[in-house]
Amino acid sequence: MASSSAIQVYLSQILPLSTGAIALTGSITNSISLSYFIRKGERTLSNRNFMFLNVFDLLVSVIAIAVVTFFHCGGSMCGRSSPFFRVSIGILDVFINGSAFATCLLSVTRTVSLCFPFYQINKKAVGVAALIFVIQEIVKLLVGFYYYYINTQGFEMFNNFENGLMITVLFT
């Protein structure tokens, strides 16, 4: 049976490579998909929702590369206590939540369209819901940074990396 430190060393070597490969693949495929929806002339609600989802998934992929880089690089500005790592974790959290919101928004609008084919969903209402979500996420992130930097004990969102980082790496 392998020791705990041997497993940690193995994971510290494999996870950055696998996460980087997944994030790079996600960046490329989401860029291609986003360019397709941008070039497509028809701007239906479904297409806009797919674009919204592509943007957040692309941002998750790009920020995941930064998170892994700041966590595993060598030097005084790297590692778990690095301000760059903490900022990138906070931003990654926002983008993961945005991706989840976009997925839910797409699911709800498609379900309504299928169950009630003659019902026209108000595009402004969907846009306002997305805007409220984005503002709420930005405020949450700014409040988190504020409490982290004025509090000697930090803020829970930026201190719970033992389990959170593993979950974050596995999701990307």
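Residues are numbered from 1 along each chain as its sequence is written, and side-chain values use heavy atoms, leaving out hydrogens and water. Because this is a predicted model, local features need pLDDT of at least 70 and side-chain atom pairs count only at pLDDT 80 or more, while totals for chains, interfaces and linings use all residues.

**View 1. Serine 61 in helix 2.** Helix 2 covers residues 45-72 and holds serine 61 (helices are DSSP runs of H or I, at least four residues, numbered from the N terminus). With a relative accessible area of 9%, serine 61 is buried (buried means under 20%, exposed over 50%, partly exposed in between, with a 1.4 Å probe and protein chains only). Beyond its neighbours within four places in sequence, serine 61 is in contact with Ala23, Gly26, Ser27 and Asn30 (contact means heavy atoms within 4.5 Å).

**View 2. Asparagine 47, also in helix 2.** Here the relative accessible area is 8%, so asparagine 47 is buried. Setting aside neighbours within four places in sequence, look for the contacts of asparagine 47 with Phe37, Lys40 and Glu42.

**View 3. Asparagine 97 in helix 3.** Asparagine 97 sits in helix 3, residues 83-115. Its relative accessible area of 24% makes asparagine 97 partly exposed. Not counting residues up to four places away in sequence, asparagine 97 touches Phe133, Glu137 and Lys140. Asparagine 97 and glutamate 137 are 40 residues apart in sequence, yet their C-alpha atoms lie 8.1 Å apart.

**View 4. Isoleucine 150 in helix 4.** Find isoleucine 150 in helix 4, which spans residues 123-150.

Definitions and conventions:
Helix = DSSP H or I, 4+ residues; strand = E, 2+ residues; numbered from the N terminus.
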